[in-house]
Structures are given as structure tokens and as C-alpha cells.
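The following note sets out points for a colleague who is examining the fold. Please read it beside the sequence and the model.

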Amino acid sequence: MKKEELTGMFDHTLLKPYATDQEFEKFCNEAKEMKVKMVAINSVPVKLCKKLLKGSPIHVGAAISFPFGQTTIEMKIAETKQAIKDGADEIDYVINISKAKMHDWDYIEQEMKSTVDVCNQNNVISKVIFENCYLTKDEIKKLAEIAKKIKPNYIKISTGFGTYGTLVEDVALMKSVVGDKVQVKAAGGIRDYQTCLKMIEAGATRIGTSHSKVILDGYEKV
């Protein structure tokens, strides 16, 4: 794999609730230096990061209902629309995990369709965060089946704020369900090149990480 192919999979991440404008400026400069695919941030700093990245091909990605997913469908749609208005090129939204645990699949499908529809209408990439650490394998599989029907661009394993992040087996499971219909994003706990490579080999085509530079350093040493 060429270096630019690897960095083209990176969603370079800064989701700390206490990040300052100065930190975002440094973060966006790092993103441009590495030539990552996207910067993954909360929805408030979207406008700032869009300005900082002006003239570069790097996408700005907004995390919606982050990290718990415990807002109504209407609130998720409103936040999505505002993020897009502010310049977001991609949307990563967290499902209502409680509804998934209660197996209210109709609600999950409605939520996913509503959010993905807004993204499609605005030519924005959509990603659905499952937060697998709270789910059984059967629940993960069911969510992936719904995604295969609704067709977001990506399904994503973790916010990075749960009890654990990405497992290789979860990447493989999700990919086995959606096939080529939906792509898989691995995120949460990916801190070195070898771990990153395992996720890619299992089927992930995007890597969400705040350790992009460390992973690249590991790549350079191979």
C-alpha cells in the first residue's frame, strides 16, 4: 500500500470537548501536512475548520448526537442540517443505542433513513455509528442488515468514547453483512500501524484515529 493510499483512508480526529481554536488550527495544519481524507470533529467547530482547510481537498466531518446518540430523530436532523450549512462534507451520526438494545428496529430504520436522506439531498457522505461495545453480535448484524437496506455510505463501529473501540472481528462481521453495498469505518483504539493494517485487511476502508501521525511513523518503519 502506498503512503497516499493509507492517508486517503484517515479521518483525522479531534473530538475532545475542551479543544480550543488554537488546537483546531494546529490540528488542521497536521491534516494538510499528512493529506488525510477528512477531519472528524464535533459540529460546533465545523465552520472554523472549513475556513482553516479552505483550498485543500480535505473533507470536514461533523459528529452528530455525539457520543451517546440520545437525542430525538428531529434533533439529529436539525443538527445535521446545521452542520451541512456550516460546511460539513460528511456526517457521522450515533444511533439511538437504547432503541437498538430494545430491538425497536422500526425506529432505528426511520432514524437512519431520515438522516441519510438529508445527506443524500445535500451530496454529503453519511456514516452511521453503531457503538458496538454496548451491542451483542446479533444486534450488530441486525443493524448492518438495516444499513444494507438504507444504504448510508459507511457504517462505523465506535465513537471512541465507549467501553472499548474497534475489534477486528466486528469489522469482518459488519463487512460480511453489507458486502459491497456499504463501506465500513473502523474507529476507536486504533493507535499504531499494525492495528490499522488489521482493520484494513478485515474490510475497513476508512480509519478514524487521533493517532494518524503515529500510524504513519509506523508505516515508514516497515
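1. Strands E4 and E5 (residues 125-129) pair in the parallel sense through 5 bridges; strands count as paired if DSSP finds at least two bridges between them. Within this pairing, Tyr93 has Val128 of E5 as its bridge partner. Helices (H or I, at least four residues) and strands (E, at least two) are DSSP runs, numbered from the N terminus.

2. The model is a predicted one, in which local features need pLDDT of at least 70 and side-chain atom pairs count only at pLDDT 80 or more, whereas totals for chains, interfaces and linings use all residues. Residues are numbered from 1 along each chain as its sequence is written, and side-chain values use heavy atoms, with hydrogens and water left out.

3. Strand E3 (residues 59-64) is joined to E4 by 4 bridges, and the two run parallel. Here Ala62 stands opposite Ile91 of E4. Together with helix H4 (residues 73-86), E3 and E4 form a right-handed β-α-β unit: with the strands pointing away from the viewer, the path from the first strand over the helix to the second runs clockwise.

4. Strand E4 (residues 90-94) is mostly covered, as 5 of its 5 residues are buried (under 20% relative accessible area, with a 1.4 Å probe and protein chains only). Glu90, Asp92 and Val94 point one way from the strand, while Ile91 and Tyr93 point the other way.

5. E1 pairs with E8 (residues 204-209) in the parallel sense over 3 bridges, and Phe10 stands opposite Ile207 of E8.

6. Leu14 belongs to strand E1 (residues 10-14). Leu14 counts as buried because its relative accessible area is 9%. Leu14 and Ile41 are 27 residues apart in sequence, yet 5.4 Å apart in space, C-alpha to C-alpha. Leaving aside residues up to four places away in sequence, Leu14 touches several residues, including Phe24, Phe27 and Ile41; contact means heavy atoms within 4.5 Å.

7. The largest nonpolar core has 72 residues, and those with the most contacts inside it are Ile91, Met112, Phe130, Ile155 and Ile207. Such a core is a set of buried Ala, Val, Leu, Ile, Met, Phe, Trp, Tyr and Cys residues joined through side-chain atoms within 4.5 Å. Helix H6 (residues 105-121) gives the most to this core, with 7 residues.

Notes: Buried means under 20% relative accessible area, exposed over 50%, partly exposed in between (1.4 Å probe, protein chains only).
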